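Visitor: I would like to go through this protein term by term. Please set each label against its cut-off.

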Amino acid sequence: MVEVTVTPRSSLADRPVQIQARGLSPSQLVTLRASLMDEQGEHFEARAFFRADEAGEVDPGRHAALGGSYSGVWPMGLLWFLQPKTPFRRLMKRDVAGSPFLVRLEVFDGLCLVTGPQDQPLASCEAERWYVGPGVQRVPIREGSVRGALFLPP
C-alpha cells in the first residue's frame, strides 16, 4: 500500500520537515505534488518527479528530483518552490497567529505535468505550517506613525 508522510505533521513554517513516499514499486516513476490555498483563495503548487529506490521509497532529502518545479536533492523543495496558478501572486500569510497554512502532499503514478479532477493520487496527506508557536501573544503596536506587532513568548 502506497503512503506519503510528512514528519512532523504540524510544525512552524521555518522548521524543516521530512517528506517520504513508501510502498512504491522499485524504480517506479512518480510525481510528488504539494499544494495549498492561501487566505485569498489563491492556489499554489509545486511538483517534482522521482524514481523510487530499490526499497520502493522516495525521500526528497536523499533522492534527486528528476525535474518538475526543481531538480536535484532539496529536502524542502516541494515547500520552497510553491508557485501560484495566477501569475504575479505572492504567497503571504496574513493571519499569522490564528491558523496555519494547510499543505496537501500527494503522490501520483508516472510523470504528471498537469493534474485534473479525474487524476487520483496513489496516496495523500496534509501538513500544518504555523507562523506563530503555541502560547505566543500578538500585541498590535500603534504609536505615532509607527505600525507593527509585538510577539511575546509564553
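Visitor: Why is Glu106 called buried?

Guide: First, this is a predicted model: local features need pLDDT of at least 70, side-chain atom pairs count only at pLDDT 80 or more, and totals for chains, interfaces and linings use all residues. Residues are numbered from 1 along each chain as its sequence is written, and side-chain values use heavy atoms, with hydrogens and water left out. Now Glu106: its relative accessible area is 6%. Buried means under 20%, exposed over 50%, partly exposed in between (1.4 Å probe, protein chains only). So Glu106 is buried.

Visitor: What makes Arg104 and Glu106 a salt bridge?

Guide: The N to O distance between their side chains is 3.2 Å. A salt bridge needs a side-chain nitrogen of Lys or Arg within 4 Å of a carboxyl oxygen of Asp or Glu. The pair therefore qualifies. Salt bridges with shared partners join Arg33, Glu45, Arg47, Lys85, Arg104 and Glu106 into one network.

Visitor: Why does Arg104 count as partly exposed?

Guide: Its relative accessibility is 33%.

Visitor: What makes Glu3 and Arg22 a link between distant parts of the chain?

Guide: Their side chains form a salt bridge (3.7 Å, N to O). Glu3 is in strand S1 and Arg22 is in strand S3, 19 residues apart. Strands here are DSSP runs of E, at least two residues; helices are runs of H or I, at least four; both are numbered from the N terminus. The whole structure has 12 salt bridges.

Visitor: Why is Ala64 called partly exposed?

Guide: Its relative accessible area is 38%. Ala64 sits in the loop between strand S5 and strand S6.

Visitor: How do you know that Ala64 is in contact with Phe49 and Phe50?

Guide: Contact means heavy atoms within 4.5 Å. Leaving aside neighbours within four places in sequence, Ala64 is in contact with Phe49, Phe50, Gly72 and Val73.

Visitor: How many helices and strands does the protein have?

Guide: The protein has 1 helix and 11 strands. Buried residues make up 39% of its 154 residues.
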